[in-house]
Amino acid sequence: MKRRSLPVAAALTATAALMLTACGSGDEKSGDNDKIAGAGQAAQKPKESASASGAPAGDKPDGVDLSLPSDMDLVFDWDKPKDKNEAAAMDDAANFLRAIYRGVAKRTTKDAAVTAYSTGDGLHYAQVQINEWIKGGWTATGTLRHYDATTRSAPNGKSVEVGFCADSGKFFGREIKTEKVLKTKPSIEDFDYFKIVMVKFPTSEGLWQASKVFVETKAAKCQ
């Protein structure tokens with residue numbers, strides 16, 4: 001079985017049909033595509049954080065443990081935008097991905113980080129991803145790099161679309177029972193382009209939650 005990246009895992013599950021959208025390789029048209037999907041969607045209240053696990057303070061933004069195993073490295077090679085809300089939304093888009101892989105490592109969809117950084121369709125996406133890894137008997141190992149990030153705010157200021165590339169060429173699945181690392185040859189399948197719609201949590205100054213996730217797999221523009 002080959003390595004599982006987030007979009008591939010979702011594609012294997014019928015319930016993920018809502019999550020995955022093939023954006024295509026051409027330029028996006030103006031008009032409706034200029035609108036941010038889910039801009040008016042309300043955020044759900046995150047659950048209480050799990051008890052402290054001794055993770056460094058930097059692993060606990062918003063009081064939620066986001067620590068990952070030492071062999072699982074998520075790199076976010078991007079510059080923060082000047083806009084305060086967009087910068088916060090970008091940070092929490094990264095935290096959303098950390099939460100997913102923390103769920104993969106912990107083998108649960110119920111980790112506090114997952115419910116803190118996602119809501120609605122975003123929460124469903126996270127749960128589908130984690131469950132696919134669990135059902136396959138895999139965890140993850142290696143370095144997953146994210147780069148070329150952009151942000152776009154909705155007019156009401158309550159939603160930010162965060163777009164970015166992901167390179168999983170050095171990130172692999174590992175069979176839990178055998179410890180075998182499922183390495184693959186470099187290919188276009190290593191590159192994905194994400195758009196995550198982040199919505200502002202209404203009772204928190206800085207918390208943003210992923211409400212929708214769109215993925216273009218085999219993204220040549222990310223090579």
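**Close-up 1. The disulfide.** A disulfide here is a pair of cysteine sulfur atoms within 2.5 Å, and this structure holds one. The model is predicted: local features need pLDDT of at least 70, side-chain atom pairs count only at pLDDT 80 or more, and totals for chains, interfaces and linings use all residues. Residues are numbered from 1 along each chain as its sequence is written, and side-chain values use heavy atoms, with hydrogens and water left out. Look for Cys165 and Cys222, joined S to S at 2.0 Å. The bond ties together distant parts of the chain, 57 residues apart: Cys165 sits in strand β3 (residues 159-175), and Cys222 in the segment after β6 (208-217). Helices (H or I, at least four residues) and strands (E, at least two) are DSSP runs, numbered from the N terminus. The torsion about the S-S bond of Cys165 and Cys222 is about -75°, so this disulfide is left-handed.

**Close-up 2. How covered are the two cysteines?** Buried means under 20% relative accessible area, exposed over 50%, and partly exposed in between (1.4 Å probe, protein chains only). Cys165 comes out at 4%, so it counts as buried. Cys222 has 3%, so it is buried too.

**Close-up 3. Phe76 and Trp78, a tilted pair.** Rings of Phe, Tyr and Trp (its six-membered ring) pair if their centres lie within 6.5 Å; planes under 30 degrees apart count as stacked, over 60 as edge-to-face and the rest as tilted. The structure holds seven aromatic pairs. In one of them, the rings of Phe76 and Trp78 have centres 5.1 Å apart and planes at 50°, so the pair is tilted. Phe76 is buried at 16% relative accessible area, and Trp78 is buried at 15%. Both belong to one aromatic cluster that also takes in Phe164 and Phe194.

**Close-up 4. Tyr101 meets Phe171.** With ring centres 5.1 Å apart and planes at 85°, Tyr101 and Phe171 make an edge-to-face pair. Tyr101 is buried, with a relative accessible area of 2%, and Phe171 is buried at 1%.

**Close-up 5. Charges over rings.** A charge sits over a ring if NZ of Lys or CZ of Arg is within 6 Å of the ring centre and within 35 degrees of the ring normal. Arg145 places its charged end over the ring of Tyr147, 4.2 Å from the centre. Over at Tyr193, the charged end of Lys221 sits above the ring, 3.9 Å from its centre.
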